[in-house]
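Subject: Structure handover

Hi,

Here is the structure I promised to pass on to you. My notes on it follow just below, so please have a look at both together.

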Amino acid sequence: MFQPMTAESRAKAWLLSRSGPLAGTRFPMPDGLIRIGRAPDNDVVVDGPEAATVSLYHLEISRNGAGCHVRDLGSTNGTWVNGERLSEAEISPPAVIRLGNQGPEFALVWEEAATAMLDRTIEISAAPGTQAPARLLPANQTHENLLALAVARARRMRAHGAGGQTMTIMRGVIEQALRHSRRRYRIAGYSLVFALLAVSSLGVWKISELRREKHAIDVRIQQLESKLEHSNQTAETGRLLSQLDNYQDQAESLQKNLLMRLGGGDTGDFVTRELRGVMAAFGAEVYSIPPDFIDRVNYYIQQDQGPNRSLIAHALGQAGGEIRTIQRILKEQQLPADLAYIPIVESALMDGPGSAAGAVGPWQFTTTTAKALGLRVNGQTDERKDLVKSTLASCKYLRDLILDFGAGSSVMLALAAYNSGAARVKQAVMKTVRDPIQQRNFWYLYRTRALPPETREYVPKVFAAILIGRDPHHYGF
């Protein structure tokens, strides 16, 4: 219900949302602890497209009098304060907190409101029969933001199987507002009723139009992707890629539209959604993932669930501690923690005599590569088998590859080069691609089949291991 804060408990610290559909929303920072993340029982819940880089329980902020302390809760993509990744820190206004390197932002602000009305904060409780957490909405928010909150709550209820509650939520918000408003504000409350109904009707119509337009574009993108899979002519491939880029730009523009976010969007099947999450963590987001890439990821997931099951079970079970050690080192080296699953593909984290090429250890380094990265390999010592030292060497190797291939999809290209070597990937690319910009675009190289065949298979194989490692229970491990 509406619960205005008293003058005695009035908070002077605010958490200001700087991105997403509710940008500008202020959340009060009372004494105590608030938690931010994707899970519905957080004090501040981040959902929608911006949640790609946000963990279930990402961070917590505690306030004690005039001070605030922020602490990362072991999130996948980290917490950034004023542009610097930190585990925990004391903060003060005007600190900027970002969830992930490119994630949603919140600003800590210290403000003495000029009037009681501006200082009042409304708490909107969950609709009857639901477990949704309470949301905080400043009293001076616009009608559009109030509608956005109501629609967001309705979407969460539908996700938990409580559909058909949209009008109940809106009616509850309106009735609570009218019941607890002062009599002199009743007229303004009735005006809000009509405004909400008008905005709601317009919003529903607009969302339907956007969805139809986006669906038509998505169908065209699927047709182009299918043609690209079977195209063997360079000129034809170039023309199709140009059309695909144009349609993807249009679709991304619709996807970013505020009403489209409120109305939800098509996110594909489970594997496709998870792939998008990994790519967001890699900074390699793409609107349309080639269908044959998704097919190969699914193929290797099936292989890992079938013929390779014992190897994957060993890596995730007995060698689970080693994976956690690798993830810790990758985070310390400012590299994506998901790269820790490369050794599952390389060696399944099992001791062995080595490959036919003489590669040894969890990361499968040859003697030449190991020595170039500073590892000792001689008759008495082989540091390729040392988990920590070989992981640090791999971090150096991966970092060099990422920097070598530049921005954008550089992590994807680094994965490709880890398999066959940077020189071999570049050599194959230079023979078929003359555009220096497209030479650094993994998806262009994948669609034009410029990459070596074994590399085209290696990258989906690593992604299959990443998806299983992220959610082993879903895949039966």
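Strands here are DSSP runs of E with at least two residues, numbered from the N terminus. With that in mind, P94 sits in the loop that links β9 (88-91) to β10 (96-99). The peptide bond between P93 and P94 is cis, with omega at about 5°. Another loop worth a look is the one between β7 (79-81) and β8 (84-86), which holds N82. N82 is a residue other than glycine with a positive phi, near 55°.

Please keep in mind that this is a predicted model. The protein chain has an average pLDDT of 77, and 74% of the residues score at least 70. Of the elements in the chain, helix α10 (residues 320-332) has the highest mean pLDDT, 95, while helix α1 (residues 116-119) has the lowest, 34. Two stretches call for some care. Residues 1-11 have pLDDT below 50, and in the model this stretch makes 25 contacts beyond near neighbours in sequence. Residues 112-143 are also below 50, with 68 contacts beyond near neighbours in sequence. Where pLDDT is low, the predicted coordinates should not be read in detail.

Next, a helix pair. Helix α14 (residues 410-420) and helix α17 (residues 453-470) have axes that come within 9 Å and cross at roughly 115°. The crossing of α14 past α17 is right-handed. On the α14 side the contact is made by M412, L415, A416, Y418, N419 and S420, and on the α17 side by E454, T455, Y458, V459, V462 and F463. By class, the residues of this contact are 8 nonpolar, 3 polar and 1 charged.

Finally, the cavities. Which residues line the second largest cavity? They are E225, L228, E229, P290, D292, Y446, R447, R449 and R456. Of the elements, α4 gives the most, with 3 residues.

That is what I have for now. I hope you enjoy looking through it!

Best wishes

How values were computed: Residues are numbered from 1 along each chain as its sequence is written. This is a predicted model: local features need pLDDT of at least 70, side-chain atom pairs count only at pLDDT 80 or more; totals for chains, interfaces and linings use all residues. Side-chain values use heavy atoms; hydrogens and water are left out. pLDDT is the predictor's confidence in each residue, from 0 to 100. Helices (H or I, at least four residues) and strands (E, at least two) are DSSP runs, numbered from the N terminus. Contact means heavy atoms within 4.5 Å. Axes are lines fitted to C-alpha atoms, for helices over the stretch in contact, and angles run from 0 to 180 degrees between N-to-C directions. A crossing is left-handed if the near helix is turned anticlockwise from the far one by less than a right angle, and right-handed if clockwise. Ala, Val, Leu, Ile, Met, Phe, Trp, Tyr, Cys and Pro count as nonpolar, Asp, Glu, Lys and Arg as charged, and the others, Gly among them, as polar. On a 1 Å grid over the protein atoms alone, a cavity is a set of points where a 1.4 Å probe fits but cannot get out, and a pocket is an open set with protein on both sides within 12 Å along at least five of seven lines; lining residues have an atom within 4 Å of a point.
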